[in-house]
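I opened my notebook to record what I looked up in this structure, entry by entry. The sequence and the model come before my notes.

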Amino acid sequence: MGLDPVDALGRLRGRSPIARLTVPFAMNVWLVTGYPQARAVLGATAGFSTDSTRLTKIMRATIEHPGGLAFTDPPLHTRLRRLLARSSPSGD
């Protein structure tokens, strides 16, 4: 359909919508490319995280948190999302 960022990602999604990635620091990292699988992961806040401060703790690094919705978990994510929704023209 021409929407894949790279051909390799499209091929990977064709083989499996969820793939385990090999990364340093013995972390469990999964690449989720299927739509229903991504919705399930994004809705399972107790089991998955996008909070980058968790990664910096594992790495024992001092990296400043970039902020924003993409790098936060509830309840901070929920609070920020509500603030943004109130300021949107449609109020969604």
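Before anything else I noted how the elements are assigned: helices (H or I, at least four residues) and strands (E, at least two) are DSSP runs, numbered from the N terminus. With that in hand I located P75, which lies in the loop between helix 3 and helix 4.

I also wrote down the conditions of the work: this is a predicted model, in which local features need pLDDT of at least 70 and side-chain atom pairs count only at pLDDT 80 or more, while totals for chains, interfaces and linings use all residues. Residues are numbered from 1 along each chain as its sequence is written, and side-chain values use heavy atoms, with hydrogens and water left out.

Entry 1, the whole chain. I found four helices and two strands in the protein chain, and reading along the sequence I wrote the pattern as α-β-β-α-α-α. I then looked up burial, where buried means under 20% relative accessible area, exposed means over 50%, and partly exposed is in between (1.4 Å probe, protein chains only). Of the 92 residues in the protein chain, 13% are buried. The accessible surface of the protein chain is about 7,500 Å², and carbon and sulfur atoms hold 59% of that area; such areas come from the Shrake-Rupley method with a 1.4 Å probe, and for residues only the protein chains shown count as cover.

Which residues of helix 1 are buried? In helix 1 (residues 7-15) I listed L9, G10 and L12 as buried. They lie on the same side of helix 1 because they cover an arc of only 160° around the axis, the arc being that of the directions from the helix axis to the C-beta atoms. On the other side of helix 1 I noted D7, R11, G14 and R15 as exposed. The cover over the buried residues of helix 1 includes strand 1 (18-21) and strand 2 (29-32), where contact means heavy atoms within 4.5 Å.

I placed T33 in the loop between strand 2 and helix 2 (35-43). T33 counts as buried because its relative accessibility is 16%. Leaving aside neighbours within four places in sequence, T33 is in contact with L9, R13, S16 and P17.

T72 is in the loop between helix 3 (52-59) and helix 4 (76-87), and T72 is buried, with a relative accessible area of 4%. The C-alpha atoms of T72 and S49 are separated by 7.8 Å, although these residues are 23 residues apart along the chain. I then checked the peptide bond from P74 to P75, which is cis, with omega near 5°. For background I noted that most peptide bonds are trans.

Leaving aside neighbours within four places in sequence, L80 is in contact with G68, L69 and T72.
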